[in-house]
Amino acid sequence: MTITAPSKSRTTEDKLGELRERLLEISDLGFAGAVLGWDQATYMPSGGAPARGRQKAMLSRLGHERLTDPALGRLIDAVQPFAETLPYDSDTACLVRVARRKFERALKVPADFVARRSTFSSVSYNAWTKARPANDFATMRPHLERAVEFSREYAQFFAPFDHITDPLIDGSDEGMTTVSVRALLDELRRELVPIAKAICDQPVADDTCLRGPFPEAPQLAFSMLAIKSVGYDLERGRLDKTHHPFCTKFSDGDVRITTRVRENDLSEALFSSLHEAGHALYEQGVAAELVGTPLGHGASAGVHESQSRLWENIVGRSRGFWEHFYPAVQSAFPDQLGAVSLDTFYRAINKVQRSLIRTDADEVTYNLHVMLRFGLETELLESRLAVKDLPDAWRARMSSDLGVAPTDDKDGCLQDVHWYGGWIGGGFQGYTIGNILAAQFHAAAVVAYPGIPKQIAQGEFAPLHDWLRTNIYQHGAKLKPAELVERVTGTPMRIGPYVAYLRAKYGELYTLPAV
Ligand code: ZN
């Protein structure tokens with residue numbers, strides 16, 4: 001029995017314990033802010049807005065203060081030598097590594113900037129909620145100009161960098177850069193444009209069967225059935241209505257989603273519920289012991305979106321899914337769907353067309369909307385495009401990329417909240433990365449368990465869900481996105497599986513150009 005070794009290790013244990021306690025407090029401040037945000041987007045009366053903005057800003061300020069506390073840095077320094085003796089992917093080694101990255105990143109951003117940007121973000125967002133329906137770009141122009149300035153100011157905290165957008169991209173899709181995102185999007189674009197063009201030149205699928213009217217209550221009941229079936233745990237979550245569907249997390253035991261219902265569009269509530277349930281399955285699947293640390297959530301924006309897209313599109317818009325569920329949806333809406341064949345319904349939910357709105361776009365044209373936004377925001381940050389010229393630039397890109405252009409700004413450059421919440425840059429590439437990774441992960445799951453597509457057609461989602469939980473969800477943010485992708489699929493991120501998925505699925509519905 002030695003005396004020194006145990007006392008040394010106890011000291012490290014104590015310090016690790018204190019580090020975890022401090023990280024839990026920071027995490028709880030974030031979760032508390034999320035509760036306020038969820039309430040604001042669901043049930044809060046509009047009179048609550050001014051106080052709610054102030055309260056959320058205070059919580060984010062407190063979180064930033066604690067995250068940049070020098071005492072936290074000293075603790076990380078103290079436990080680092082011990083963490084380095086552990087395997088790279090052990091919980092503790094990952095915790096110390098990721099906590100250091102978060103600490104050092106937060107330290108570069110002055111508290112004063114965080115507060116100024118938080119206030120600006122609320123003002124800009126509130127103005128946008130009125131300006132978009134009023135088609136009023138002129139009101140938003142000064143806000144957008146300030147947002148460009150804020151994003152440039154933020155990027156400078158991380159200088160030196162190769163490109164002004166790099167720090168913004170790295171903040172949501174760690175490890176990606178302007179150059180690597182651009183290369184990825186260009187490669188995908190070369191594949192997608194001929195496919196989209198060929199499909200859009202063919203007759204548009206008839207989707208009148210989705211127009212209803214469909215009453216709200218059975219729509220919500222069917223959404224509930226679908227999300228429960230794929231594995232969303234309602235003992236640790238709930239579904240509510242909102243304007244813009246989202247998923248939010250308050251703890252390991254409380255991961256909530258929201259949806260919206262349109263009586264004249266059956267796909268809205270159902271697919272936005274499945275999309276958010278995909279995000280929620282990821283968060284509910286993170287190992288409980290990681291929650292409350294910087295590892296206790298998904299690995300990146302792109303990896304997160306891969307799960308919402310996988311469950312919404314690859315599963316939820318598959319023929320197998322509807323072979324199982326179509327009889328149930330028909331009996332929920334006998335007057336509207338009783339005489340509609342499965343094939344007609346399947347073609348309707350997979351209709352491809354030139355469209356103006358990103359969030360309504362189909363799987364084939366969706367990424368073209370993302371590429372347009374990524375291109376324009378990069379030009380704004382590089383000063384190659386002035387905010388005043390954005391509406392025209394938007395219309396020109398829409399015409400050349402999608403063959404359709406909006407007649408107003410409401411359905412043009414005012415349509416997405418992202419730029420009007422105060423950030424230009426870093427917010428859009430994750431959607432396309434998500435589509436690419438959804439197919440890559442799904443293909444890897446099917447290689448491991450070739451029976452998955454057949455099981456889905458029988459309403460058995462557990463084998464796919466279990467594979468995703470084991471290989472992706474439980475690890476939270478322990479690994480960097482690129483490390484996770486390589487570990488799970490055996491290769492770096494690549495567009496091959498996604499293009500193959502689109503060609504196989506849409507090749508059955510349309511005539512596609514030869515490879
Ligand atoms: Zn999403």
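Okay, let's start with helix α21, residues 496–509: at 1.5 Å a residue, its 14 residues should span 20 Å, and the end C-alpha atoms are 20 Å apart, so the two agree. The expected span here is 1.5 Å times one less than the number of residues. When I say helix, I mean a DSSP run of H or I with at least four residues, and the numbering starts from the N terminus.

Quick housekeeping. This is a predicted model, where local features need pLDDT of at least 70 and side-chain atom pairs count only at pLDDT 80 or more, while totals for chains, interfaces and linings use all residues. Residues are numbered from 1 along each chain as its sequence is written, and side-chain values use heavy atoms, with hydrogens and water left out.

Back to α21. Which of its residues are buried? They are Pro 497, Tyr 498, Val 499, Tyr 501, Leu 502, Lys 505, Tyr 506 and Leu 509. Buried means under 20% relative accessible area, exposed is over 50%, and partly exposed is in between, using a 1.4 Å probe and protein chains only. A handy thing to remember: an α-helix has 3.6 residues a turn, so residues three or four places apart point the same way. What covers those buried α21 residues includes α8, α11, α12, α14, α15 and α17.

A search of the whole structure finds two cavities of 30 Å³ or more. On a 1 Å grid over the protein atoms alone, a cavity is a set of points where a 1.4 Å probe fits but cannot get out; a pocket is an open set with protein on both sides within 12 Å along at least five of seven lines; and lining residues have an atom within 4 Å of a point. Grid points are joined across faces, edges and corners, and a volume is the space filled by probe spheres set on the points.

The largest cavity has a volume of about 50 Å³. Tyr 498 and Tyr 501 are among the residues lining this cavity, as are Arg 309, Asn 313 and Ile 314. Which helix supplies the largest share of that lining? That's α11, with three residues.

The second largest cavity holds about 30 Å³, and its lining is Gln 219, Phe 222, Ser 223, Leu 266, Ala 269 and Leu 270. Here α9 and α10 each supply at least two residues.

Then there's the second largest pocket, with about 420 Å³ of space. It is lined by 16 residues, and those nearest its centre are Ile 314, Ser 318, His 442, Pro 453 and Tyr 501. Our helix α21 gives the most to this lining, six residues.

Last stop, the zinc ion. What are its protein donors? They are His 275 (NE2), His 279 (NE2) and Glu 305 (OE), lying 2.1 to 2.3 Å from the zinc. Donors are N, O and S atoms within 2.8 Å of the metal (3.2 Å for Na, K and Ca), and water is not among the atoms, so sites may look incomplete. Along the chain, the donors follow the spacing H-x3-H-x25-E. His 275 sits in helix α10 (266–285) and Glu 305 in helix α11 (301–315), so the pair ties together parts that are 30 residues apart in sequence. Are these two buried or exposed? His 275 counts as buried at 10% relative accessibility, and Glu 305 is buried too, at 6% relative accessible area.

Note on methods:
Contact means heavy atoms within 4.5 Å.
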